[in-house]
Amino acid sequence: MKRICASFLAWLVMLPVVSAANWTLLPARCNDVDIQLHDQVIEIHTTGSDPFIVGELSDIGSDDAVLQFDYFCVSGIKQVELFLGRPRLGDTPLSLPAIPVAETWQTYIAPVQLDPLRHGDPAQRILRIDLGRKAGVRIQLRNIHTRAKTAQERDRDAKKQQLRQQKIVRAERIENYLSQSFPTRIDSVVVDQDSITISSSSVPDTLTASDLQIVECPPWQSMGQSAEPRIVDVPIQLGENRATVVVPRFEGPRDRLQSGWRLSRPTAGQSSFLTARTFASEIDVVGDNHSPHRAVPANQKGLGGIAMYGPIDELRELGVTAITVNIAITAFVKDSPGQGRIQIPTSGEPVYFDAVALAHYDRVMNWARKNNVVVSAIILIPTPRAGKDTSPLVHPEHDGGIYTMPDLTTARGTDIYAFVLGEIARRYSNTDAAPGGITNWIAHNEIDFHTVWTNMGLQPRAIVTESYYRSMRIIHNAARQYNPHARVFASLTHHFNVPEDGLWRQLSGREVIQSLQRYSVMEGDFAWGVAYHPYPQNLFAAVPWNDTRISDDFETPLITIQNLDVFGRFMQQESMRDSSGAVRPVLFSEQGFHTDSYDVDAQDRQAAALLYAMKKVRAMPMVESFHYHRWIDHPREGGLMVGLRTLPSKTEPHGKRKRGWYVYKSIGTEQEEQVSKDLPTP
């Protein structure tokens, strides 16, 4: 019999059983785990190389079943396996999908064929779940159960393989497009108030104007689709191997600002494209309500997720000069008219933009303006709650997660998305005048973990990155028509190189950046940068300088605070620079350091981590801001305590200042050395 942890045995007699649906935990049969119970949550710390939990099924249920539970696990678990009954020598377990990284509560659902595990005993009800092969893993579980597949799940499984193949074909089309070279290129797409002028060079002198046509690529059209070309019937001017086309900006009420353009040659009833798709390179600014210069923070100290709660004026005391603000844009879209609502020009049922809802953000934007604090807005589309109507902004294939990708698959969804962004950009175009301005636009959250943070369902990497790129282009163009200094940033976790496993659950951060660069070179550059999240390897790490899953080269699995220089070298490569040769801008837009308690040692470690991080960031002038996450500890972050202040309480509604608060304040000042004295060092 395998040894169960001594600490587990010590309190085993006091441990109540935990039931969830048809599965009941049997603590005495578990192995290589320490277990704690919080209400109906099972918190597990693996303590050896063979961790598993065991429970009894009250009903074996249908053989065509699924195993389901909710979980929170910042490291994820590979090699998840299932045994039914007491394992015998030579038994082969049922291999299950890996438990993905989850930095918030997620639902795990895996199909299970129970009949082969019964060993001929239909009454066998003991279900064992093996949780990898490593000690030191922390996972929280709740609501563990098996159940029969729903009719919807059975239908979905029947169509799954067919749909998967269709997606593979679409992804291959995208990759084939990106690998093509074209005989001609579009040099500029200039968008004026009423027209769009498209200019192309290197047009073969054998071609006449009648040999050419201009094709519109609307923003809802993926390069993975096979679609009829949208030929725009306008004259094409030729001269000295150049072609110039002027297209009306508006087609009825529809604005072509967001469209791409291609030159093609009609051949045997089809179009032969002479150029890649090319988007707006210059946009005429509407009005003069914008600053004459781009707002630049006075230092690299920032804070993330700021709203008008807490003693916000202490941000000045901390020396913070940049903040991120979360903007959940579904709040602006309504299905009925009302005061302050503007009908959005699109097809289908009428839909309205609620301008009144912008007032929610005016206070924080105006506070930032008055205090010379640069604002980076994070554009988010929350996943609809069960039973709630789905917003037209939500991607139609989303299957969970915290946020979704916008619906860029239909003209209606894309029209609404672009209009909402345009109205927000119009309101916050000027950092020098009330109600303030947005300088940087962060596209969604952590696209490389798209199944959780920017969900569009399971998709091949090429489809996710192409959709994300189009979303970034739309944000960029919507903002630039009102603020010529606006920039858009790609949001990424600390996972830099992630092998393709065929499950379509996670991207590689490096691959996302390289894909954006490929599109920029091919389809015309735009003002984009990277909003990176260099958390420690384990979000619960005591200090950020003991990571082991890192290296000092571009093949590193992770880029954390410890090996930030790798990221700097990567972005400084000639192949990664913008069209002018400049290094693309970088925000470290979310990272924090955990205090496992509020005692002196834990607070000293967090303060030391802050100092360590900021010294590294100071050596990277390409990093505009280091947005620390978070200001105040939050009770619903899965046990993470990364705030500069403790958890709120009745006597301290905004928490108490930790030592890290004082160290962060001192960084970059004459008091830094004194305030940081005696802190732990690597």
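Asn 241 sits in the loop between β16 (236-239) and β17 (242-248), where helices (H or I, at least four residues) and strands (E, at least two) are DSSP runs numbered from the N terminus. Phi of Asn 241 is near 60 degrees, a positive value in a residue other than glycine. Asn 241 is partly exposed, with a relative accessible area of 40%, on a scale where buried means under 20%, exposed means over 50%, and partly exposed lies in between, with a 1.4 Å probe and protein chains only.

Please keep in mind that this is a predicted model, in which local features need pLDDT of at least 70 and side-chain atom pairs count only at pLDDT 80 or more, while totals for chains, interfaces and linings use all residues. Residues are numbered from 1 along each chain as its sequence is written, and side-chain values use heavy atoms, with hydrogens and water left out.

Asp 39 belongs to the loop between β3 (33-38) and β4 (41-46), and with a relative accessibility of 77% Asp 39 counts as exposed.

Next, the cis peptide bonds. One of them joins Ala 434 and Pro 435, with omega at about 5 degrees, and Pro 435 is in the loop between α5 (411-427) and β29 (440-443). Another runs from His 629 to Arg 630, with omega near 15 degrees, and here Arg 630 is in the loop between β33 (623-628) and α11 (659-666).

Let me step back to the whole chain. The protein chain has twelve helices and 33 strands. Its radius of gyration is 27 Å, close to the 26 Å that the globule rule gives for 682 residues, so the chain is as compact as a globular protein of that length; the radius is taken over C-alpha atoms, and the rule is 2.2 Å times the number of residues to the power 0.38. Along the principal axes, the C-alpha trace spans about 85 × 70 × 55 Å, and 55% of the 682 residues count as buried.

Among contacts between residues at least 6 apart in sequence, 70% join residues at least 24 apart, contact meaning heavy atoms within 4.5 Å. The chain exposes about 29,000 Å², of which carbon and sulfur atoms supply 50%, by the Shrake-Rupley method with a 1.4 Å probe.

Ala 462 itself lies in helix α7 (residues 461-480) and is buried, with a relative accessible area of 9%. The C-alpha atoms of Ala 462 and Arg 170 are separated by 8.6 Å, although these residues are 292 apart along the chain.

Three strands form an open sheet in the order β25-β27-β26, with antiparallel pairing, two strands being paired if DSSP finds at least two bridges between them. Here β25 (333-334) and β26 (341-343) stand at the edges with a single partner strand each, so one side of each is left without a neighbour in the sheet. Three bridges join β26 to the antiparallel strand β27 (residues 352-354), and Arg 341 has Asp 354 in β27 as its bridge partner.
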